[in-house]
Amino acid sequence: MILQEEPIDQTAVIQALRDLLDKDEQYQSGRILGSMCTYPNEFAQRLASMFPEKNLGDPGLFPGTARLEDEAIKMMGEILGSGSVVGNMTTGGSEANIIAMRVARNLRPLPDPEVILPETAHASFFKAADFMGFKPRILEVDDNFMIDLGDLESTLNHNTIAVVGIAGTTALGLVDPIDQMGKIINDFDPGIYFHIDAAFGGFVLPFMRDMGHSFHPYDFSVNAVKSMTSDPHKMGTNLIPSGGFIMRESVYRDGLGFDIPYLAGGAIKHFNIMGTRPGSVVVAFWGLMKHLGRKGFREIVSGCWENTKYFRERIREHESYLNVVVEPIINVIGIKSETRTPITEVDRLLRKKGWYLGLFKNMEPPLIRVVVMPHITRNAIDAFFDDLESILKELHG
Ligand SMILES: *Cc1c(COP(=O)(O)O)cnc(C)c1O
């Protein structure tokens with residue numbers, strides 16, 4: 001039995017936890033190179049622990065917290081091109097994407113709904129398809145991982161309820177031609193729901209643009225865009241779980257949110273899949289955004305970008321064995337094998353040495369992914385390349 005009869009004192013429990021959690025990897029080691037999450041900001045941690053009881057499942061009881069949620073959504077909207085937005089904080093990008101697909105389905109209830117997705121779309125859209133029974137129509141990408149706009153045009157039809165664009169793809173951090181997609185959608189039918197998944201890019205692209213980088217317009221500045229996903233628990237450096245579903249205010253209709261008539265705090269409407277959900281991380285995120293300001297986020301992104309360029313340069317030293325899949329445009333780097341040794345083998349040997357990268361073995365080409373998050377330092381990168389060099393020697397002599 002795991003649960004014993006008698007209480008165990010707190011010190012002993014904490015010691016037991018330390019021992020058991022010793023198996024977990026630590027972001028601070030710098031060895032987690034393939035995660036889109038990071039060690040959460042310490043001020044945000046403090047704020048979350050100060051307000052642990054807040055429950056946004058019953059916002060009538062916590063109107064102060066509910067207002068902070070609203071403002072957090074509006075701040076994210078401002079970063080993404082419009083402060084005239086509504087929405088909810090979610091448990092992450094997956095929940096936000098599933099909510100977006102539900103909104104699209106309810107705005108256009110058709111018997112045989114279809115959603116047009118780039119091949120590079122996140123798994124959460126396929127979960128949504130499974131839950132809601134819509135048919136995913138996949139747009140294949142070319143050698144540069146770009147969709148063909150002609151394909152979008154020919155796939156749109158009278159069963160299309162939504163189109164998804166991605167601002168910061170999971171594997172390579174690339175941005176779809178969202179402005180051009182928006183024009184094609186509007187020409188076909190401006191009622192089609194266009195959702196942008198910026199789960200990762202939402203806290204990277206706007207700040208890189210501030211730094212002088214240019215991207216296809218990807219946000220609410222494109223008038224066809226109805227809603228966006230942006231995750232505070234990735235590059236927003238907030239605590240898990242925190243995502244954002246952000247919808248243009250003019251898209252909102254009565255009946256789109258769920259009615260919850262019986263709550264102690266009074267009847268409310270919300271978009272979330274969850275009922276009881278943490279307000280602590282929302283409070284923390286509001287405080288974190290105010291504390292950092294745009295400038296603070298820009299500094300985080302700028303540091304990650306410097307390290308991304310450094311990482312990319314160091315790959316050049318091993319060009320006869322490995323190369324980038326595309327030149328990175330944000331802090332995500334895909335690496336492929338240039339020899340007959342499969343990249344999965346390089347990944348296996350890296351894991352054996354305690355380096356954890358993302359492995360996308362079903363992509364063409366198969367690749368390992370590095371996400372240069374704030375916990376990844378120059379020293380960690382140097383240590384990684386030392387180990388990589390010995391692995392490549394072992395493989396190729
Ligand atoms: C991370 C990510 C998601 C999923 O977000 P979770 O917070 O893990 O649920 C969805 N889409 C993209 C593009 C992502 O990078």
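Visitor: What should I know about the model before we start?
Guide: It's predicted, so local features need pLDDT of at least 70 and side-chain atom pairs count only at pLDDT 80 or more, while totals for chains, interfaces and linings use all residues. Residues are numbered from 1 along each chain as its sequence is written, and side-chain values use heavy atoms, with hydrogens and water left out.

Visitor: OK, where is T38?
Guide: T38 is in the loop between helix 1 (10–21) and helix 2 (42–50). Helices here are DSSP runs of H or I with at least four residues, strands are runs of E with at least two, and both are numbered from the N terminus.

Visitor: Is T38 buried or exposed?
Guide: T38 counts as buried because its relative accessibility is 8%. Buried means under 20% relative accessible area, exposed over 50%, and partly exposed in between (1.4 Å probe, protein chains only).

Visitor: And what does T38 touch?
Guide: Leaving out residues up to four places away in sequence, T38 touches Y27, K234, T237, M373, P374 and H375. Contact means heavy atoms within 4.5 Å. The side chains of T38 and H375 are also joined by a polar contact of 2.7 Å. A polar contact is a pair of N or O atoms within 3.5 Å; within protein, one must be able to donate a hydrogen and the other to accept it, and residues adjacent in sequence count only if both atoms are side-chain atoms.

Visitor: Switching to helix 2. At what angle do helix 2 and helix 9 pack?
Guide: About 140 degrees, and the axes of helix 2 and helix 9 (residues 280–316) are 8 Å apart. The axes are lines fitted to C-alpha atoms, for helices over the stretch in contact, and angles run from 0 to 180 degrees between N-to-C directions.

Visitor: What do you call that arrangement of helix 2 and helix 9?
Guide: Helix 2 and helix 9 are oblique to each other. Under 35 degrees counts as roughly parallel, over 145 as roughly antiparallel, 65 to 115 as roughly perpendicular and the rest as oblique.

Visitor: Which residues make the contact?
Guide: F43, A44, L47 and A48 of helix 2 meet S280, V283, A284, G287, L288 and H291 of helix 9. S280 is buried, with a relative accessible area of 11%. S280 touches A48, F51, P52 and K54, not counting residues up to four places away in sequence.

Visitor: How do helix 9 and helix 11 cross?
Guide: At roughly 15 degrees, with the axes of helix 9 and helix 11 (residues 378–396) coming within 10 Å. That makes helix 9 roughly parallel to helix 11. The contact involves E306, N307, Y310, F311, R314 and I315 of helix 9 and R378, I381, D382, F384 and F385 of helix 11.

Visitor: Which residues of helix 7 are buried?
Guide: In helix 7 (residues 178–188), I178, M181, G182, I184 and I185 are buried. They line one face of the helix, because they fall within an arc of 165 degrees seen down the axis of helix 7. The arc is that of the directions from the helix axis to the C-beta atoms. K183 and D187, on the other side of helix 7, are exposed.

Visitor: And what covers the buried residues of helix 7?
Guide: The cover includes helix 6 (149–155), strand 4 (160–166), strand 5 (193–197) and strand 6 (225–229).

Visitor: Last one: how far apart are G265 and D58?
Guide: They're 207 residues apart in sequence and 6.1 Å apart in space, C-alpha to C-alpha. G265 is in the loop between strand 8 (258–260) and strand 9 (268–270), and G265 is partly exposed, with a relative accessible area of 27%.
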